[in-house]
Amino acid sequence: MTTRVALEEGLRALEDGVVELASMVDKAIERSVEALKRLDQEEAKKVIRDDLLINKKRFEIEEQAIELIATQQPMARDLRRIIAILNIIVDLERMADHAEGIAKIVLMHQDKPLLKPLIDIPRMADKARDMLRRSIDAFIRRDAEAAYKIAAEDDEVDALYDQVYRELLTYMLQDPRTIDRATWLLWVAHNLERIADRVTNICERVIYDVTGRMEEINVSKY
Amino acid sequence: MAEAVAFPKAAVRPAWVRVEGLSAWYGRRQAIRNINLEVAPGKITAVIGPSGCGKSTLVRCINRLHEVVPGARVEGRVLLNGEDIYGPGVDPVLVRRRVGMVFQRPNPFPTMSVFENVAIGPRLNGLAKGAELEELVVRSLKLAALWDEVKDKLNVPGTSLSGGQQQRLCIARALAVNPEVLLLDEPTAALDPISTLKIEDLLRQLKAEYTIVIVTHNMQQAARVSDFTAFMLAGEDQVGELVEFGPTRQLFTNPKDPRTEAYITGRFG
């Protein structure tokens, strides 16, 4: 007979919650960048509205976790798992805020066209989303090796951010009238860069969950 | 009067229990005062509180065991599926069959085998015999999550089992007479942690059919196993009262009464 059925079930429910929240966040990032590509104001508004659902989900998971700690006295790996989850959901929720930030930049454009066709920004988004999905996968599989590897990939996002920054600088130097729109795109890139940083935080939590060690890995240059 | 004699009516599963204005005395000393409590059907309700707060007295009133102590008496009502178990003409023996009890120390009948320990209740009550009785014993042992461990030794003395097994044997014995409510008075106080967790998992499996009340000293156990928790405390006059009752989740994360908070955070007294 297995023991601790209630604790096991509670942990599984929390894991399911994390996967669901991560999927909501992943979609929010995707939709915000899609909205930016097309300057689709309606879609951007939707991303902003749906952020409320993400916040709600995060609080729901947090309450479940608190209940599990209060009622089931988790110890050792079970306790680490719950603490990791409590941290991960904060990072996920903040990532969604960055997606919301991108959506708000779509709204700022109003009638103005994009300064330039988007090249590196969608790449940054794809890379960050790929890292996000794999970090959650590593969390579910308790794979510390994968977590180290994913965190190292943050350098690629940083490099893309550098590229975007330098490119936008050239626009601004050539024609100061582009400064507002160039700055907006720079903010978008910054939001994506921050999203990838938060994936690194998730990776740190996976490593803590698996090994019990708290360490800062791959400090971003930004 | 005919109504009262008709007790018990057909069993309602899972059963509900309502304690109304219940007070109990041992001779001149009052043990509990004016307890009001709704025990939800098909749920586990835990009663917690420090020693001497009257929690055991409370559950012993729910199956009329309190009154077997000389000089003990009870006031108030205990409704089982709407019928007052203290109503006129109600046979306390029948009440105890419908509301089973498991005690702190495993107490299998010392001269009886594993099989006999479980069979004795239904046999004495004329509930089953022969092959039917055997089936009932097996079913009860399975329900108590003990079958796999004893199926090859049904004829050994019940007391030869381990402590945790003996306690599950006592639960099987209680289940064999098909009660509607199961009262457990510190059922794991004498058991090791693994046996304790086994009993807790067992209770979770049983609760769909049996309404369960568990008295426990161990509030972590109450937190782990129960759906609702009642916190009792003896006041300055040493009489136990119900301080707070609510969903376990709420009681352990955000209790309403400062005395509950003080107790569950270990800052009592």
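Biologist: How many helices and how many strands does chain A have?

Modeller: Keep in mind that we are looking at a predicted model. Chain A has seven helices and zero strands, and its pattern along the sequence reads α-α-α-α-α-α-α.

Biologist: What radius of gyration does chain A have, and what would a compact globule have?

Modeller: The idea is to compare the chain with a globule of equal length. For 222 residues, a compact globule would have a radius of gyration near 17 Å; chain A has 19 Å, which agrees. The C-alpha atoms, taken along the principal axes, fill a box of roughly 70 × 35 × 20 Å. Of the 222 residues in chain A, 41% are buried.

Biologist: Now to the interface. How many residues of chain A are in contact with chain B?

Modeller: Contact between 11 residues of chain A and 13 residues of chain B joins the two. On the chain A side, helix 1 (5-38) and helix 2 (41-72) each supply at least two residues. Helix 2 of chain A gives the largest share, five residues. By class, this side of chain A has five nonpolar, four polar and two charged residues.

Biologist: Last, helix packing. At what angle do helix 4 and helix 7 of chain B pack?

Modeller: Start with the angle, then look at the handedness and the residues. Helix 4 (residues 114-124) and helix 7 (residues 163-176) of chain B pack at about 25 degrees, with axes 7 Å apart. Angles under 35 degrees count as roughly parallel, so these two helices of chain B are roughly parallel to each other. Their crossing is right-handed. Helix 4 of chain B contributes residues including V114(B) and G121(B), while helix 7 of chain B contributes residues including L169(B) and R173(B). The contact residues divide into six nonpolar, two polar and one charged.

Definitions and conventions:
Residues numbered from 1 in each chain as written. Chains lettered and ligands numbered in written order. Predicted model: local features only at pLDDT ≥ 70, side-chain atom pairs only at ≥ 80, totals over all residues. Axes fitted to C-alpha atoms, helices over the stretch in contact; angles between N-to-C directions. Helix = DSSP H or I, 4+ residues; strand = E, 2+ residues; numbered from the N terminus. Parallel < 35°, antiparallel > 145°, perpendicular 65-115°, else oblique. Left-handed = near helix turned anticlockwise from the far one by under 90°. Contact = placed C-beta atoms within 7 Å. Nonpolar A, V, L, I, M, F, W, Y, C, P; charged D, E, K, R; others polar. Rg over C-alpha atoms; globule rule 2.2 N^0.38 Å. Buried ≥ 20, exposed ≤ 12 C-beta atoms within 10 Å, placed from the backbone.
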